[in-house]
Amino acid sequence: MKSVFLSLFGAAAMLAAGVTASSANDRYADRPPVMVSPDLSAPWVLQLGRAPGIVRQSRQEVQQPQRRYQRQAQPDQQRTAAVRAPARRMVARPQINPVYLPQEVAYDGGQKPGTIVIDTTQNFLYLVEKNGKARRYGVGTGKPGFEWSGTHKITNKRVWPDWRPPAVMIKREAAKGRYLPTYLAGGMENPLGARALYLGSTEYRIHGTNQPWTIGGAVSSGCIRMRNEDVVDLYERVNVGTTVVVM
């Protein structure tokens with residue numbers, strides 16, 4: 001009788017143990033295995049330095065992104081920089097009328113080839129050629145009160161000429177509140193431009209300009225203005241002694 005009881009007790013114990021184990025397994029059967037994110041585990045594994053498939057980064061590679069971040073300007077610094085160095089304003093200049101660009105035209109003015117003829121009413125300069133032709137350029141001429149006419153010879157030629165405004169011009173401009181220098185070296189900022197052809201003993205010249213948009217108008221104090229590229233072209237075509245007729 002005792003043996004039977006022990007057998008039954010043992011079977012019950014084994015059954016209870018099986019049920020308990022089965023219940024425990026069933027409780028966690030649907031849960032995924034625990035995994036540590038590489039982002040969290042990598043720093044610890046890198047310290048070990050022996051994990052397969054992982055390459056240790058150098059100190060320089062790890063710190064480089066931080067240096068790039070430190071160099072980035074803060075918003076208040078960007079605003080300060082914008083105040084200190086404002087964006088340059090682009091000033092739109094009117095384009096020159098194509099009619100004032102150099103071109104070959106018919107000419108029957110009666111002047112011999114090699115003569116320069118300047119029409120101050122139409123703002124054209126003609127270099128007379130053979131066979132009834134002329135090379136025509138657009139020019140800027142004297143504004144009202146500064147018109148003149150006459151015939152002169154080219155007495156001098158200058159490359160990137162210096163500018164010495166006449167005393168009367170300095171006085172006249174000073175009365176308007178505009179003070180001119182007594183001397184300005186040749187260069188891009190010089191109002192005489194790239195070349196100058198001096199006319200007789202007068203103070204007038206055929207010269208370039210750093211204001212090409214004024215070509216075609218009555219804009220000067222008597223001198224004849226040309227685009228820099230045009231006055232360079234004319235300069236190469238004529239010599240000292242060339243006759244200039246201003247009409």
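V159, W160 and M188 form a nonpolar surface patch of about 300 Å². Such patches are made of residues with over 30% relative accessible area and no salt bridge, with like charges joined within 9 Å and nonpolar side chains (Val, Leu, Ile, Met, Phe, Trp, Tyr) within 5 Å. This is a predicted model, in which local features need pLDDT of at least 70, side-chain atom pairs count only at pLDDT 80 or more, and totals for chains, interfaces and linings use all residues. Residues are numbered from 1 along each chain as its sequence is written, and side-chain values use heavy atoms, with hydrogens and water left out.

**Overall make-up**

- The chain holds six helices and 11 strands. Both are DSSP runs numbered from the N terminus: helices are H or I with at least four residues, strands E with at least two.
- Of the 247 residues in the chain, 29% are buried. Buried means under 20% relative accessible area, exposed over 50%, and partly exposed in between (1.4 Å probe, protein chains only).
- The accessible surface of the chain is about 17500 Å², and 55% of that belongs to carbon and sulfur atoms. Areas come from the Shrake-Rupley method with a 1.4 Å probe; for residues, only the protein chains shown count as cover.
- Among contacts with a separation of 6 or more, 61% join residues 24 or more positions apart. A contact means heavy atoms within 4.5 Å.

**Confidence**

- The pLDDT averages 78 over the chain, and 62% of the residues score at least 70. pLDDT is the predictor's confidence in each residue, from 0 to 100.
- Residues 41-66 have a pLDDT below 50; this stretch has 12 contacts in the model beyond near neighbours in sequence.
- Residues 78-83 also stay under 50. For them the model has one contact beyond four places in sequence.

**The surface patch**

- V159 belongs to strand 6, which covers residues 150-159.
- V159 has 45% relative accessibility, so it counts as partly exposed.

**Nonpolar cores**

- In soluble globular proteins, nonpolar side chains tend to be buried together.
- A nonpolar core is a set of buried Ala, Val, Leu, Ile, Met, Phe, Trp, Tyr and Cys residues joined through side-chain atoms within 4.5 Å.
- The largest core has 19 residues. Those with the most contacts inside it are I116, I118, L125, I206, M226, L234 and V244.
- At least two residues of this core come from each of strand 2 (116-119), strand 3 (124-128), strand 7 (195-199), helix 6 (228-237) and strand 11 (243-246).
- Helix 6 gives the largest share, three residues.
- A second, separate core has 10 residues, including Y100, Y107, V117 and I215.
- M226 is in contact with I215, and also with L125, I206 and L234, among others, leaving aside its neighbours within four places in sequence.

**Salt bridges**

- Side chains of opposite charge can pair when their charged atoms come close.
- A salt bridge here is a side-chain nitrogen of Lys or Arg within 4 Å of a carboxyl oxygen of Asp or Glu. By this rule the count is seven.
- R227 pairs with E229 at 3.1 Å, N to O. R227 also pairs with D230, where the closest N and O atoms are 3.0 Å apart.
- R227 is buried, at 15% relative accessible area. D230 is buried at 3%, whereas E229 is partly exposed at 48%.
- R237 and D233 form a salt bridge of 2.9 Å, N to O. They are four residues apart in helix 6, so about one helical turn separates them.
- R237 is partly exposed at 42% relative accessible area, and D233 is partly exposed at 22%.
- Salt bridges with shared partners link E104, R135, D233 and R237 into one network.

- E104 lies in strand 1 and is partly exposed, with a relative accessible area of 44%.
- E104 touches E129, K133, A134 and R135, not counting residues up to four places away in sequence.
- N97 sits in the loop between helix 4 (75-84) and strand 1 (103-106). Its relative accessibility is 42%, so N97 counts as partly exposed.
- N97 and G216 are 119 residues apart along the chain, yet their C-alpha atoms are separated by 7.9 Å.
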